[in-house]
Amino acid sequence: MNYLSAEKLSKHYGEKVLFENISLGLNKGDKTALVAQNGTGKSTLFRILAGREAPDSGEVTYRDGIKVSFLEQLPSPDESLSINELIASANTDVMEVIREYEDALEAQSENFNAETQQALEIATAKMDQAGAWDYDRRMKQLLTLFNITDLDQKIGRLSGGQKKRLALALTLLDDPDLLILDEPTNHLDIDMIEWLEKYLTQSGLTILMVTHDRYFLDRICNHIIEMEDGQLYHYNGNYAYFLEKKAEREEVQRVEQEKARQLMKKELEWMRRMPKARGTKAKARKSAFYETREKATSTKEEQELKLGVNMARIGGKIVELEHVTKQFDDLRILEDFNYIFKKGERIGVIGKNGVGKTTFLNLLTGHDKPDKGEIRRGQTVVFGYYTQEGIKLDEDLRMIDVVKEIAEVIDMGDGRQLSASQFLQHFMFPPKSHYKYVSQLSGGEHRRLHLLTVLIKNPNFLILDEPTNDLDILVLNRVEEFLANFPGCLILVSHDRYFLDKLTDHLFIFEGEGQVKDFVGNYTQYSNQKEQQQKTKRAEKAKARKEEGKSKPKPAKPKKGLSYKEKREYERLEKEIEELEAEKAQLEQDLNTADKPYDELSDISNRIGEIMQQIDEKTARWMELDEKGEGV
């Protein structure tokens, strides 16, 4: 069943052509990812598909009756609204149904007649069809999962990460048939990403997304579309399958080009001695020659990110932290933390959003001061600090001027010296883009320029705070190659599990309340250990509940006037309701525990909903029997 069809879409910005006459479709159940380099128009294409922007030409059509939700890469809600006001004003299908029901209810209360009664019945049926009765419960569940609790807070006071998480929660809340997601994992911590991964994998949703998170992409998607040189290539498989088939396709192209070159040599000889007569065969052969020449000379010059720089020498003393304590109001970041960094260390830093990972980096680099304790830095240490917020650049500057302000000539450490223009080419910025204004750069290009400004200073201690956000997969592969061979110290804060696995050998896990756990191993090893511990805990809890259930409460006093079978049912219902109420109370307590994994919180919330329904059904039957017994 076709959900989405896009035919011959084109989009230009001035002289720049983003894409020309591209077509794609989505069928029900497809989980598709779009892979392309930064600056090729991925976000623009998604905005066109979602109806937020018009193409220069082409048409987008959806199947009638399906609900579509779109998550933008950089959401921009009205900052004057509170979160509650934003939710109430949302123009989603579910909110429209709820507003229609509320209006019908109010109209009937003001003027009860056949017309208002019929309108209410229609609105009630729509509420049933949309599953809107438990909207508030699902909303609170999702917002809690995404660490959004103060619904009276103004949007303008939220950070960029909080805005993205709020937008994602509202996108999922509408229970859509088709999800269009632009970088959904940006600004989510790893627990949230793993919850979202599980949710999207298990759901029957149809998905089209852009993501740089390769584990996320590999585990969710069954179809990948690659956009390259204005063309779309389709791969019916996950990310691993895509890599294999892309390599095969490029090898076939290389062989075909080589054959075309050989054929062109022969054809060129014929062209030079071609008779003057212009017969039909001669004209056809001449035409074929030009086609062959075009194919033979169409070799694509692969852009390559070459990150070799002249790393400054690092001495024996690097960074030493002794009894370091840091706190902001009630938020404890570090409590009596001690660590001595050694040469070549590669540390990953993980933890929930808001526990102080960025503050820890600022302490290391001297941007923040500890409340207690001492941080000693070696004299030879040169920090390269890639911040999550990026760099503040004059929007009216050109890229070439940004580099020249730092250095006119860059020492590469192998005897070579590069001009600012040559250095930009090392970072996959082709010469024609060097005079682009900073204001014209895509999010990924801006990030790449930021990385350039960090590495140009030849650091020996690299600190990278969420470096994978907005970078395309090709750039990430090049960055990984460089970092894998970087001989200095590396600290990496990232929610990208693939990135962490590939580049780190032990982790600092920020657990909250100033506690930091040092785990020897990569993220997957840590995750496996944590999952095993959680399984053990769940088994112990289940066993404890089972033992508790064995203790029999006092039997309820049978009602007079009931049959033997009804008396037994009455007693059983009373006991079951009591047990369900106890389970619900325990689960509500568990739900308010902040340190639980997101998938477990989701399971708990779903179970509470089931219990409430069971309690209502059993209570209704219990009351029926109770009244019957009293009446006899």
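Q: What share of the 632 residues of the protein count as buried?
A: In this structure, which is a predicted model, 46% of the 632 residues of the protein count as buried.

Q: And how many helices and strands does the secondary structure come to?
A: The secondary structure of the protein comes to 19 helices and 20 strands.

Q: What about the accessible surface, how much of that belongs to carbon and sulfur atoms?
A: Carbon and sulfur atoms hold 48% of the accessible surface of the protein, which comes to about 33,100 Å² in total.

Q: Switching to helices, how do you describe two that are packed?
A: Two packed helices are described by two things, namely the angle between their axes and the distance between those axes.

Q: OK, so at what angle do helix 6 and helix 7 pack?
A: Helix 6, which covers residues 160-173, and helix 7, which covers residues 190-202, pack at an angle of about 20°, and their axes are 14 Å apart. Angles under 35 degrees count as roughly parallel, and therefore helix 6 and helix 7 are roughly parallel to each other.

Q: Is their crossing left-handed or right-handed, and which residues make the contact?
A: The crossing of helix 6 and helix 7 is left-handed. On the helix 6 side the contact is made by Arg165, Leu168 and Leu172, while helix 7 contributes Met192, Trp195, Leu196 and Tyr199. By type, the residues of this contact between helix 6 and helix 7 divide into 6 nonpolar, no polar and 1 charged.

Q: How about helix 12 and helix 14, where do their axes come to?
A: The axes of helix 12 (residues 399-406) and helix 14 come within 10 Å and cross at roughly 15°, which makes helix 12 roughly parallel to helix 14. Their crossing is right-handed.

Q: Which residues meet there?
A: From helix 12, Met399, Val402, Val403 and Ile406 meet Leu449, Leu452 and Thr453 of helix 14. The residues of this contact between helix 12 and helix 14 divide into 6 nonpolar, 1 polar and no charged.

Q: What is Glu445 in contact with, leaving aside its neighbours within four places in sequence?
A: With those neighbours set aside, Glu445 is in contact with Asn38, Gly39, Phe429, Lys436 and Gln440.

Methods. Residues are numbered from 1 along each chain as its sequence is written. This is a predicted model: local features need pLDDT of at least 70, side-chain atom pairs count only at pLDDT 80 or more; totals for chains, interfaces and linings use all residues. Side-chain values use heavy atoms; hydrogens and water are left out. Helices (H or I, at least four residues) and strands (E, at least two) are DSSP runs, numbered from the N terminus. Buried means under 20% relative accessible area, exposed over 50%, partly exposed in between (1.4 Å probe, protein chains only). Accessible areas come from the Shrake-Rupley method with a 1.4 Å probe; for residues, only the protein chains shown count as cover. Axes are lines fitted to C-alpha atoms, for helices over the stretch in contact, and angles run from 0 to 180 degrees between N-to-C directions. Angles under 35 degrees count as roughly parallel, over 145 as roughly antiparallel, 65 to 115 as roughly perpendicular and the rest as oblique. A crossing is left-handed if the near helix is turned anticlockwise from the far one by less than a right angle, and right-handed if clockwise. Contact means heavy atoms within 4.5 Å. Ala, Val, Leu, Ile, Met, Phe, Trp, Tyr, Cys and Pro count as nonpolar, Asp, Glu, Lys and Arg as charged, and the others, Gly among them, as polar.
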